[in-house]
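Colleague: Could you walk me through this model? I have a few questions for you.

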Amino acid sequence: MKPDTSTAMRNLIAEVRAALPFDLPGTQLCSGSCDGCSVKLLDYLDGELADWERRLRAGERPHFGDLERLARTSRRIHKVLSRNGLLGPT
């Protein structure tokens with residue numbers, strides 16, 4: 001049985017938080033060449049995740065479009081961080 005959209009969103013948020021280096025210090029995020037600002041991208045995504053966590057706690061139910069948007073944004077940021085050498089190969 002597939003999870004409801006709220007459970008799916010919680011699972012997606014947990015996966016993104018586990019996969020991306022939100023806890024890296026700024027000195028490591030900004031070393032060498034960049035293909036997009038890793039600090040700003042992580043700050044943006046952290047804000048999006050925190051917003052959805054707050055909305056889920058308040059009882060809001062996400063739509064499939066909300067899940068797809070967050071997943072797409074997360075994948076794009078993951079690719080940039082990988083190109084910047086902050087993650088292993090994708």
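Colleague: Which helix holds Arg-10?

Modeller: Happy to start there, with one note: this is a predicted model, where local features need pLDDT of at least 70, side-chain atom pairs count only at pLDDT 80 or more, and totals for chains, interfaces and linings use all residues. Residues are numbered from 1 along each chain as its sequence is written, and side-chain values use heavy atoms, leaving out hydrogens and water. Helices are DSSP runs of H or I with at least four residues, numbered from the N terminus. Arg-10 lies within residues 5–19, which is helix 1.

Colleague: Why is Arg-10 classed as partly exposed?

Modeller: Buried means under 20% relative accessible area and exposed means over 50%, with partly exposed in between (1.4 Å probe, protein chains only). Arg-10 is partly exposed because its relative accessible area is 43%.

Colleague: How far apart are the C-alpha atoms of Arg-10 and Trp-52?

Modeller: Along the chain, Arg-10 and Trp-52 are 42 residues apart.

Colleague: What span should helix 4 have?

Modeller: Helix 4 covers residues 64–83, which is 20 residues. The expected span is 1.5 Å times one less than the number of residues.

Colleague: What covers the buried residues of helix 4?

Modeller: Those buried residues include Leu-67, Leu-70, Ala-71 and Ser-74. An α-helix has 3.6 residues a turn, so residues three or four places apart point the same way. The cover for the buried residues of helix 4 includes helix 1 and helix 3 (38–57).

Conventions: Helix = DSSP H or I, 4+ residues; strand = E, 2+ residues; numbered from the N terminus. Contact = heavy atoms within 4.5 Å.
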